[in-house]
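Please keep the sequence and the model at hand while reading.

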Amino acid sequence: MYLAKVYITYKESILDPKGEAVKKAIHQLDYQSVASVRMGKYFEITVEENDRAEVERTIEAIADQLLANVTMESYRYEIEEA
């Protein structure tokens with residue numbers, strides 16, 4: 001069994017309005033040294049499979065087809081034994 005941690009964020013070329021709103025709030029708290037904030041999504045997916053390569057293929061397909069809008073978002077994942 002494996003645990004996959006999937007991180008999805010906007011691509012660098014895409015404006016992140018939620019991140020900008022958080023950055024503005026941070027500046028209002030007088031933390032002026034914060035230059036940027038990027039927000040994203042995080043998923044933990046448990047896969048009951050013994051073959052790590054198959055788990056990687058499964059997570060790649062799920063992230064690419066369902067979790068991320070690959071036109072605007074990029075993703076990365078980490079897989080560990082659970």
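Which pattern does the chain follow when read along the sequence? The model, which is predicted, shows the pattern β-α-β-α-β along the sequence, and its secondary structure comes to two helices and three strands.

**Overall dimensions**
- The chain has a radius of gyration of 16 Å, whereas a compact globule of 82 residues would have one near 12 Å.
- Along the principal axes, the C-alpha trace of the chain spans about 50 × 25 × 15 Å.

**Packing and contacts**
- Of the 82 residues in the chain, 23% count as buried.
- Among the contacts in the chain with a separation of 6 or more, 71% are accounted for by residues 24 or more positions apart.

**Surface and charge**
- The accessible surface of the chain comes to about 5,800 Å², and carbon and sulfur atoms contribute 51% of that area.
- The chain carries 10 positive and 16 negative side chains, with the centres of these two sets lying 9 Å apart.

**Residue S13**
- S13 lies in the loop that runs between strand 1 (2-10) and helix 1 (17-28).
- Although S13 and M72 are 59 residues apart in sequence, their C-alpha atoms are 8.4 Å apart in space.

Conventions. Residues numbered from 1 in each chain as written. Predicted model: local features only at pLDDT ≥ 70, side-chain atom pairs only at ≥ 80, totals over all residues. Heavy atoms only, no water. Helix = DSSP H or I, 4+ residues; strand = E, 2+ residues; numbered from the N terminus. Rg over C-alpha atoms; globule rule 2.2 N^0.38 Å. Buried < 20%, exposed > 50% of the residue type's maximum accessible area, 1.4 Å probe, protein only. Contact = heavy atoms within 4.5 Å. Areas by Shrake-Rupley, 256 points an atom, 1.4 Å probe, with all protein chains shown as cover. Lys, Arg positive; Asp, Glu negative; His and termini not counted. Charge placed at Lys NZ, Arg CZ, Asp CG, Glu CD.
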